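Dear colleague,

Please find below the structure that I am handing over to you. My findings follow it.

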Amino acid sequence: MTSALLHGKKGIIFGALNEKSIAWQVALKAREHGAELVLTNSPVAIRLGTIDELASITGSRVIPADAVKMEDIERLITESMDYFGGRFDFILHSIGMSPNVRKEIPYENTSYENMLKTFDISALSFHRILQTAYKHDAIREWGSVVALSYVAAQRTLTGYNDMGDAKALLESIARSFGYIYGRDRKVRVNTISQSPTPTTAGSGIHGFESLVDFSERMSPLGNASAEECADYCVVLFSDLTRKVTMQNLYHDGGFSNMGMSLKAIEQYRKSFEDCD
Ligand SMILES: NC(=O)c1ccc[n+]([C@@H]2O[C@H](COP(=O)([O-])OP(=O)(O)OC[C@H]3O[C@@H](n4cnc5c(N)ncnc54)[C@H](O)[C@@H]3O)[C@@H](O)[C@H]2O)c1
């Protein structure tokens, strides 16, 4: 039997595009644990994706919002408060997009216009959401806000492009706003640094399949799946983690603390076997 860690809790989940999305799995798990949800995504993603299916499975309301438009975020927060009948308990920020990655423009030759869009969509949107929720006092005491990050914020991983910079900014915003939100309202703000996961956004990274294979071989526990990430999010939304805030929490099977593993070095050696 599933325990109801989120019984009586209400929250907004950004970023469920389709069933591969990490946010999709978080919505399913949060519902399974008793939460009531508002699901949101950009209007174009709602048209192209399958969020309505998720809304029907989880009995949730869908409210469109482009995360770079302040008026959309304002409307989302106020409409969610109307829907929930007041303040709510958690938010998941699961938003990422880089036009440079999408157009395969290399980092050393970046378009700054694209780079600003990357930062705006993937990182500043987090500030925008936190600021709006704070302004409306939308989150209850001991509430929890989580954003999804990646180890490219700390280490350079080829192909991750300006998303590495965006994730570093995202994690910094979690610390900066985490201080203010914790001090003033007792609300937690954290990021989860997740393993590479086969989703629409993930698969857009150049060499993604090799990256998944490499981190699988490097991680003592193997890569963490979207479903496992959802479990971790539920724990962070729950009352079991009330004093965890301003942290970047690795959920990556141990990858971030590895240098070289036996499995990875064996594969590396094999690559020389056909050489003279
Ligand atoms: N897949 C991975 O390997 C991986 C690893 C670590 C962290 N992450 C992070 O997890 C999060 C979710 O990504 P995912 O892998 O589930 O892929 P996904 O493609 O399913 O989700 C990305 C979401 O961002 C949304 N989005 C993009 N622009 C938006 C905008 N302007 N307004 C509102 N929403 C917008 C998309 O519509 C989509 O739903 C992202 O922050 C991503 O960087 C992913």
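Two strands are said to pair if DSSP finds at least two bridges between them. Please note that this is a predicted model.

Strand pairing

By that criterion, strand S2 (residues 36-40) pairs with strand S3 (residues 61-62) in the parallel sense, over two bridges; in S3, Val62 is the bridge partner of Leu39. S2 is also joined to strand S1 (residues 10-14) by five bridges, and these strands likewise run parallel. Lys10 has Glu36 as its bridge partner in S2. From S1 the chain crosses through H1 to S2, forming a right-handed β-α-β crossover.

Burial of S2

S2 is mostly covered, with five of its five residues buried. Glu36, Val38 and Thr40 lie on one side, Leu37 and Leu39 on the other, and both faces are covered.

Nonpolar core

The largest nonpolar core holds 70 residues, and those touching the most other members are Ile13, Ala16, Ala23, Val26, Ala27 and Cys233. Leaving aside residues up to four places away in sequence, Val26 touches Ile13, Leu92, Ala230 and Cys233.

Ligand shell

The ligand is surrounded by 27 residues, of which Ser21, Ala45, Gly96, Ala201 and Gly202 are the closest. Helix H1 (22-32), strand S5 (139-149) and helix H8 (200-203) are the elements that give two or more residues to this shell. H8 provides the largest share, three residues. By type, the shell comprises 13 nonpolar, 12 polar and two charged residues.

With kind regards

Note on methods: Residues numbered from 1 in each chain as written. Predicted model: local features only at pLDDT ≥ 70, side-chain atom pairs only at ≥ 80, totals over all residues. Near = placed C-beta within 6 Å. Helix = DSSP H or I, 4+ residues; strand = E, 2+ residues; numbered from the N terminus. Nonpolar A, V, L, I, M, F, W, Y, C, P; charged D, E, K, R; others polar. Core = buried A, V, L, I, M, F, W, Y, C linked by C-beta atoms within 7 Å. Buried ≥ 20, exposed ≤ 12 C-beta atoms within 10 Å, placed from the backbone. Contact = placed C-beta atoms within 7 Å. Right-handed = clockwise from strand over helix to strand, strands pointing away.
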